[in-house]
Amino acid sequence: MDFKFTAEEEAFRQEVKDWLKANIPPRWFELTTGYWQETDESWKIARAFQKKLGVKGWLAPAYPREYGGADLGHIKRLILAEELTYHNAPVGVETEITVNWVGMALQHFGNEQQKKDYVSRVAKGDIVFCLGYSEPNAGSDLASLQTRATEKGDEYIINGQKIWCSYAHYADYCWLAAVTDPDVPKHRNMSMFVVDMKTPGITVRPLINILGCHSFNEVFFDDVRIPKENLVGEKNNGWFQLAVALDFERSGVQTAAGNQLLLDFLVGYAKSTKRNGRFLSEDPALRNELAEMAIEIEVARMLCYRIAWIYKTGGHSNYESSMAMLFGSELLRRMTDVGMRVLGKYGQLMNGSKWAIGQAEIARSYLASLSIGVGGGTNEIQKNIIAMRGLGLPRK
Amino acid sequence: MDLGLTEEQEMLKKSAQEFLAKECPKKLVRELDESDTGYSRDLWNKMAQLGWMGLSFPEKYGGNGGSFLDLTVLLDEMGYNIVPGPFFSTVVLAGYTLLEAGNEEQKKEYLGKICTGELIITVALTELDGTYDAASINTTAKAKGDGYVLNGTKLFVPDANVADYILVVARTKKSANPDDGITIFIVDAKSAGVKYTLLKTLARDKLCEVILENVRVPKAHIIGNLDKGWSVIQSLLKKAAVAKCAEMVGGAQASLDMAVNYAKERVQFNRPIGSFQAIQHYCANMVTDVDGSRFITYKAAWAVSEGLPADKEVSIAKAWTSEAFKRVAVLAHQIFGAIGFTMDHDMHLYFRRAKAGELAYGDADFHRDIVARQIGL
Amino acid sequence: MDFQLSETEKAFQQKAEQFVLSAMPPGYTDRCLYWPGAYGAILEFEERDPAIDRFRERMGEEGWLTMAWPKELGGGGHSFIEQAIFAERLSYHRAPGTDISTLIAAPTIMRFGSEEQKKEWIPRIIKGNLRFWLAYSEPNAGSDLAAIQTTAVEDGDDLIVNGQKIWSSGAHIADYAWMVARTDMKVPSHKGTTLFIVDNKTPGITIRPLINIVGFHSFNEVFFDNVRVPKKNIVGEKNLGFLYLMVALDYERLAIAIGGFRRQFDELVKYVKGTTRNGEPLSANPSVRRKLADLAIDIEVAYNFFFKTAWMMDNNQMPNIEASVLKLFATQLSRKLASVGTEILGIYGQLEHDSKYAPMRGQYSVGYLDSISAVIGAGTSEIQRNIIAQRGLGLPRK
């Protein structure tokens, strides 16, 4: 066993840190402290930054160089992801979706033309995808989706509604799951499509999240006609693609790094803030709680590192990704809870208030933490996966 | 970064699993729990023949030259099988004290005989306060002639009932700094004035009260430097805490395995209870605790093995694993229901040890305090 | 709203306290290791103690056992609040309280039994010297009680009982089994199960001890091999046994030994105040203070659930959610009190009750083990949560 990084890896980490310090516009930090806080202005900054990352090959570091990636090894990708999050770089859910879900799936299941059309543009940061998975009646139970894609001549005609589509109002394309054969059982009835968001018949309606920002949307498809060649992989093979996509490497180290960022903020605050004549850092109860957070971050980090290591040694993650996601997301809720106690009454002040602590990152994360552990598979679903895939417990 | 075991460690793990499954069945565990000695000479000798006592000690003292990490792998398996006996006190507590602070002669004599299984040695550290602070050491050692005279009461001393020697941590000097003035003595357990009484504990581990009444110890039996023993103990406590974590990780893994197997078999409402979401989520929580504990424990063991400072890693491991094992054991009990609440069932053997493990070498609060300092608070 | 006891209630509480203190066997409170909310260390389940029998008889003589029963059936006609006040004092002093005979058997017989049964059983129960054990659970029927397989087949004036019961607390010291068995195998068990009383001395009954993890003999396995039970012992109508069981759940609502929590807590606080570690009083340790404060709050919450439930029963409101929450919360608290309590005791927390260094007679180490039973016995926490969700909150079963 060896828990340390090599000198080369450490040098890479330093390179990333230096690059991030030089390349994130200061204005970004005034606008946002993390997930679900987009404005039109912050979106523009993020997109510009992502293109810069793309030039370095760091937007899609796992992709082969021919597609504009950096062909980085597993550990360096881990380091890169860790630093991006720890520095609150302008990457987020949209890059995760576009690069790690859609771009990866296209490389796996797309034909040569599709790879040529999309993958390099993903890696360069030229295009953004939104996900067309969830529907009002198909959340955790995705198999119940009802959006239809009907074959007609050289086209598919799409009808239905999607929901919780992050950044659909900005996205260039939708990565759509739609029923292509309603007469066969669920799990054999669905196909994946690339849909240009400018196609007539698509209506995007905003859903304002609890931070007051417009991140999510409802997307309505009303006789949307798309060319047949936008079908990805075989027809009716969509569920298989989704199952394979579960095995794409996702260390989830962002949750550990995000929590570390909050903890370091809180430690700094506790050491510099006096209440009732003594520093918060001298309060035994707060010390105890902050120490517990440091401990749990270490656990979270190890659960994420494990995934990188599994892939590095040629394996596939089974239940381990679910465990890392589960632990990290639950930890964020505990962390923001502790953060609120450290800040006391000040914890409730939102950005814009002159008395708010820092950029109100604790208050904003407190709200945002609710989405982590819901989106991308609820904690309950993750636990089911751990129990059934990991421990072999019976479904019935 | 390499999160896997070496080939040799995998072999050690496998052979330990096979050996213990055969030689340390729960029937024996129960007999030893109930006995006054708490160990089986036969099992002890077989473990010695396998080279377990000397696994991580240098070859020149009769050991196998392995690392602390190798020992961790073994302790993990011993925890899985809850092997009773003075292995921990002899190898981890006494062995590493001698290795770190003993002189050549002491190492050859005592460490050598630890490696062969000839000697059982323990360390008498905690006293009536029951804490791991230097200030709690009130047992005195006063110079007299060419030796010292020891007086005091040690509490929670493991395996003193069967030990040939007891390494006694005593105060040789009063000073403003409680860390200063502590010395470690090798005391023959048969010396006049040494009296032990078994304490009745939840885990039925053989913790003892050891009363020292005018016990004479020759000067040559001092380990390390006079008055400077506390730094040795601090270093030992780190190793002991990690080693205890390794045992707890094994115990938690065993609890999980037992509960999952039962959840697959036990049928209620015409289906295996393991198909109920409530039970599945308990199991998911348990395996997360087990995997998390194992990683941070091995990371701490690795840091110790590499000779790194390891303070933070060790305290992270001990604070979290102490609570994780308890959580796992409680959930396992919950899955077993009433059957697990019977003496005949094995689950309580683990549940009891979860408490003992938590308390040994600093509980969660103790170690969180260290972590707080380590993160700059 | 008024959260205080009224003057009458206060006077009643004093009367209850005086009775308990005067009638309890001397030294019992300090001998008893009973852990609140749990089942494994109840002395009464292990052995028949004449002093306790005498205490029960006195409770019977003075009407405490039957205080909430209707006056016409020999009860005291007290309110549930008063019953709760008495139960709280009783459990605070670790006194043996209501049991299966008074809590389940008597109310069920009064409601569903025949006139002969009322005459036969009620006066004996009122006297306080009759013990029942619950013959419900079987090896394959735990949480899923509907899966019971023990049969009772009619044969002339008798039922012939065959099968096995398990987790039978106190069966070895009780007089009668309060039992359910299948009387019609052709229909689902909720339509084919009958409730009846079996004399423990009937030939064909074998009782085998099961030692629990605290080391007590509280449980048993009980085997029935062609045991003949007179049909007149059938309670209510044949095949309606499960209905009576469900109804009886309502009688158990205040069965939790609420005062026991406060008692254990008070003793812990006293210990903390009187103990120093490394020269510092344990009571000055911030972590200890916080843990104690947290427990104090939880105990207060449990008390509120308890009295709220009693108050609702007095006011003819159905405490469906409240009673299940009370049971769930109190039994989880049983676990937490033991867990946090042993943490506070530190390294001493692992000493068992006959160790000379054990704080508070080792009650907390008993609790550490025994509280495992609290969240399992009489409906596991999982089943309680299902009940709260389905019956209380109306969530669908499917």
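## A first stop: His187(A)

In which loop of chain A is His187(A) found? His187(A) sits between strand 4 (173-179) and strand 5 (190-196) of chain A; helices (H or I, at least four residues) and strands (E, at least two) are DSSP runs, numbered from the N terminus. This is a predicted model, in which local features need pLDDT of at least 70 and side-chain atom pairs count only at pLDDT 80 or more, while totals for chains, interfaces and linings use all residues. Residues are numbered from 1 along each chain as its sequence is written, chains are lettered from A and ligands numbered from 1 in the order in which they are written, and side-chain values use heavy atoms, with hydrogens and water left out.

Most residues other than glycine have a negative phi. His187(A) isn't a glycine, yet its phi is positive, at about 80°. His187(A) counts as exposed because its relative accessibility is 52% (buried is under 20% relative accessible area, exposed over 50%, partly exposed in between, with a 1.4 Å probe and protein chains only). Asn236(A) is another non-glycine with a positive phi, about 65°. You'll find Asn236(A) in the loop between strand 8 (231-232) and helix 7 (238-246) of chain A, and at 23% relative accessibility it is partly exposed.

## How the chains divide up

Domain bounds here come from an automatic or database domain assignment. Chain A gets domain 1 (7-91), domain 2 (130-234) and domain 3 (249-390). The C-alpha centres of domains 1 and 3 of chain A are 20 Å apart, and their contact (heavy atoms within 4.5 Å) takes 18 residues from domain 1 and 21 residues from domain 3.

Chain B is split into domain 1 (7-120), domain 2 (123-226) and domain 3 (231-374). Between domains 1 and 3 of chain B, the C-alpha centres are separated by 21 Å, with 22 residues of domain 1 and 31 residues of domain 3 taking part in the contact. For chain C, the assignment gives domain 1 (7-127), domain 2 (132-248) and domain 3 (256-392). There, the C-alpha centres of domains 1 and 2 lie 24 Å apart, and 23 residues of domain 1 touch 27 residues of domain 2.

## A mostly covered helix

Now look at helix 11 (residues 361-368) of chain A, where six of the eight residues are buried. Those six are Glu361(A), Ile362(A), Ala363(A), Arg364(A), Ser365(A) and Ala368(A). What do they pack against? Their partners are helix 2 (26-31), helix 8 (253-272) and helix 10 (320-343) of chain A.

## Salt bridges

Over all chains, the structure holds 82 salt bridges, each one a side-chain nitrogen of Lys or Arg within 4 Å of a carboxyl oxygen of Asp or Glu. One of them joins Glu83(A) to Arg13(A), with the closest N and O atoms 2.5 Å apart. Glu83(A) is in helix 4 (residues 74-86) of chain A and Arg13(A) in helix 1 (residues 7-23), so this pair ties together parts 70 residues apart in sequence. Both Glu83(A) and Arg13(A) are buried.

In chain C, Lys238(C) meets Glu154(C) at 2.2 Å, N to O. Lys238(C) belongs to the loop between strand 7 (217-230) and helix 8 (241-249) of chain C, and Glu154(C) to strand 2 (residues 151-155), 84 residues apart. Lys238(C) is partly exposed at 35% relative accessibility, and Glu154(C) is partly exposed at 39%. There's also a network of salt bridges that links Glu292(A), Glu323(B), Lys326(B), Lys355(B), Glu358(B), Asp365(B), Arg368(B), Lys291(C) and Glu343(C).

## The space inside

Rolling a probe the size of a water molecule over the atoms shows where empty space is left. On a 1 Å grid over the protein atoms alone, a cavity is a set of points where a 1.4 Å probe fits but cannot get out, and lining residues have an atom within 4 Å of a point. Points are joined across faces, edges and corners, and a volume is the space filled by probe spheres set on the points. Five cavities of 30 Å³ or more turn up by this rule.

The largest cavity holds about 760 Å³ of space. It is lined by 43 residues, and the closest to its centre are Phe88(B), Pro158(B), Asp205(B), Lys244(B) and Glu247(B). Helix 7 of chain B gives the most to this lining, with six residues. By type, the lining has 27 nonpolar, eight polar and eight charged residues (Ala, Val, Leu, Ile, Met, Phe, Trp, Tyr, Cys and Pro count as nonpolar, Asp, Glu, Lys and Arg as charged, and the others, Gly among them, as polar).

Conventions. On a 1 Å grid over the protein atoms alone, a cavity is a set of points where a 1.4 Å probe fits but cannot get out, and a pocket is an open set with protein on both sides within 12 Å along at least five of seven lines; lining residues have an atom within 4 Å of a point.
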